[in-house]
Amino acid sequence: MLRPDRNLVERAFAAGAMKVLVCTATLAWGVNLPAHSVVIKGTEVYNPEKGGHVDLSMLDVMQIFGRAGRPQFDTSGEATMITSHT
């Protein structure tokens, strides 16, 4: 996503004009936006170095879930992970 587009999305979400923001795990690292609820759908990401999918790291999970319910913006937060067992 181009930086001007990302800035526009961040401003719209922060202002409440957008109620839902859907992004990849990579974008979740770069977006500095608090949210009340965060959902991770799927726990595998593609790793080109390994030539296949790998589990989302605990650091990634904590970073993404850390967007939910930030104390300076909210009194509580919710985090949900949806995955499959194969």
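1. **Ground rules.** This is a predicted model in which local features need pLDDT of at least 70 and side-chain atom pairs count only at pLDDT 80 or more, while totals for chains, interfaces and linings use all residues. Residues are numbered from 1 along each chain as its sequence is written, and side-chain values use heavy atoms, with hydrogens and water left out.

2. **Overall layout.** The protein chain has three helices and four strands, where helices (H or I, at least four residues) and strands (E, at least two) are DSSP runs numbered from the N terminus. From the N terminus on, the order is α-α-β-β-β-α-β. Along the principal axes, the C-alpha atoms fill a box of roughly 40 × 30 × 20 Å.

3. **Burial.** Of the 86 residues of the protein chain, 24% count as buried. Buried means under 20% relative accessible area, exposed over 50%, and partly exposed in between, with a 1.4 Å probe and protein chains only.

4. **The core.** The largest nonpolar core has eleven residues: F13, A28, V31, L33, A35, V38, I40, L56, V61, I64 and A68. Two or more of these residues come from each of β1 and α3. Such a core is a set of buried Ala, Val, Leu, Ile, Met, Phe, Trp, Tyr and Cys residues joined through side-chain atoms within 4.5 Å. In soluble globular proteins, nonpolar side chains tend to be buried together.

5. Not counting residues up to four places away in sequence, L56 touches A25, I40, T43, E44, V45, V61 and I64; contact means heavy atoms within 4.5 Å.

6. The buried residues of helix α3 (residues 58-65) are D60, V61 and I64. They lie on the same side of α3, because they cover an arc of only 100° around the axis, taken from the directions from the helix axis to the C-beta atoms. The face turned away from that buried side carries the exposed residues M58, L59 and M62.

7. **G69.** G69 is buried, with a relative accessible area of 18%. Its C-alpha atom is separated by 7.0 Å from that of P34, 35 residues apart along the chain. Leaving aside residues up to four places away in sequence, G69 touches A35, H36, D74, S76 and G77.
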